[in-house]
Amino acid sequence: MLRIAVIAGNGNPLALKLAEELRRQRPAIPCDCLSALSPDSPFFENCVYVPSYCRNGMAPDLTRAETVFQQSAQVRIKRFVVLSSALIYGTGPGRQSLVGEGSATAGNLDAPVPSQWMLLEALAFRYLEDRVKLTILRPVTVLPSPALLSRRLLRNLALTLPGHDPVIQLLGLADLAQAVVCALEHDREGIFNVAPDGVVPLYAAIRMSGGHRIAVPRTLQKLAARSETLEYLRYPWTVSNRKIKRELGFQPQKSSVAVLQELRRPSSPVASAEPAFDEFGMDRRKIESYGRTLFKFLSRWYWRIEIKGLEHLLREGPAILVGTHRGFMPWDGVMALHAALRATGRVPRFLTHPGLFKFPFISTWTRRLGGVLACQESADRILENGELLGVFPEGVHGAFSLYRHAYVLKSFGRDSFVKLALSHRAPIIPFVTVGSAEILPIFMRIKSRRWTRYSDWPCIPVSTFPFLPVPLPSKWHTQFLPPIHLDQRYGPDSARNPSVAKAISRDVRSRMQQAVDDILRRRRSIFFGSVFRPEDVS
């Protein structure tokens, strides 16, 4: 490996620091920081371009970048690394966590910030792809750097959005330099995310950096910052580092928490141990606390839930809980979570409609209870980790059922849960709840395109709320059915057979509908009485 040229876009201080770190990690290799390359420049086998920022530290300066790429195309270079950004994936309620380089489930890619980074990469390919070996690195927020999130974290007072506590990733300068070295040494072309292992919630990050957060409403912050930049303080935008680990051998040395602790102000207390945060934002301690207080009160005394079949829940290994969900607030899912935790010590992660992540406080509460965006990538990751995955296959059509049809199960849509079960060799555990439809019964649905665009809900439900400020204290009956072990009858390849998936889905739906009908036949009152034998109730 010969000399390295770090090209700084308009004197970007991050480029200067990166060059210093490269010299420290590879002292035997000359590394110079230049503003541009020209035919008169010394020969550099490797070049790294660090663009300058505009749009308040969120987007690259494309004019300067195009000039650099044009000049570099006229100089003899073997390898060229462009530092793009993980901002390219956008963000929003429909963006998955830990997004991969080839994922289609990302945020609003047409927004100004991600589109600017896309144009940067397009310019690099246009001028350099046929002339050099080109590698694109997409790092998360580097600390410290001119990026917006970095600057906010390093202030004494950090502005946040009330009711939103997204998980974020923070990359140390040493790990960014290591990623560049890995790209150069492995001589690989392509696009790679650069991220640490582990995430940290925004509120915790501010506290660890020694700052204090001030929650200012989005409408006021928009007066001083572009609205699209504030979305990155509202929703998670984490990325996966699996590809760069696998193909380039990159191994981050510091987690997001370690990067923050390294930059802690001298007056801040030093933590005795590094806390670990869930990659999707779940807070198990908060769930257990609610389980001793709020959830216990709702389950035992308010809704007086009687549960049958808890012995069917697996104590270990992956499994898919397939349930019914009624009402525009997911209390039946929360109570199922509480029951599963009480019975097995495990917290199921429920796939959640993106509409719930749009609203402040509700979004944070949902994530902390283990809710994850309903998408293939999130489901795969949960099952690969050997966890319980919760799904409501009726989707929003079941949740917004009119009360008079509340206990008639809707179509199970694309049968995705069956394909997941077949692919991951995970058993399906159906469960049903009767009584949850009465707490906020939906009497009428009002169609509104404006409301649907804003909330992602299919309609405006007309219910007892807000006329009655709390859910009704109906009597609940929940039944977990025996597990369905598909791996005993089908191979993993069956997941690609639509007819097999449809047949299994219909069988699961039939079993659940039969269980609902049996409970309804035994139920004598909406508010009182039991339907299960005392010896069957857990």
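R425 is partly exposed, with a relative accessible area of 32%. Partly exposed lies between buried (under 20% relative accessible area) and exposed (over 50%), using a 1.4 Å probe and protein chains only. This is a predicted model, where local features need pLDDT of at least 70, side-chain atom pairs count only at pLDDT 80 or more, and totals for chains, interfaces and linings use all residues. Residues are numbered from 1 along each chain as its sequence is written, and side-chain values use heavy atoms, without hydrogens and water.

Now look at the backbone. Most residues other than glycine have a negative phi, and most peptide bonds are trans. R425 has a positive phi, near 55°. R425 sits in the loop between helix 17 (416-424) and strand 20 (428-434). Helices (H or I, at least four residues) and strands (E, at least two) are DSSP runs, numbered from the N terminus.

R304 also has a positive phi, about 45°, and is not a glycine. Find R304 in the loop between helix 12 (294-302) and strand 15 (306-308). R304 is partly exposed, at 22% relative accessibility.

Next comes a peptide bond. L143 and P144 are joined in cis, with omega about 0°. P144 belongs to the loop between strand 8 (141-143) and helix 4 (148-153).

Strand 22 (residues 460-462) contains I460. I460 counts as partly exposed, at 31% relative accessibility.
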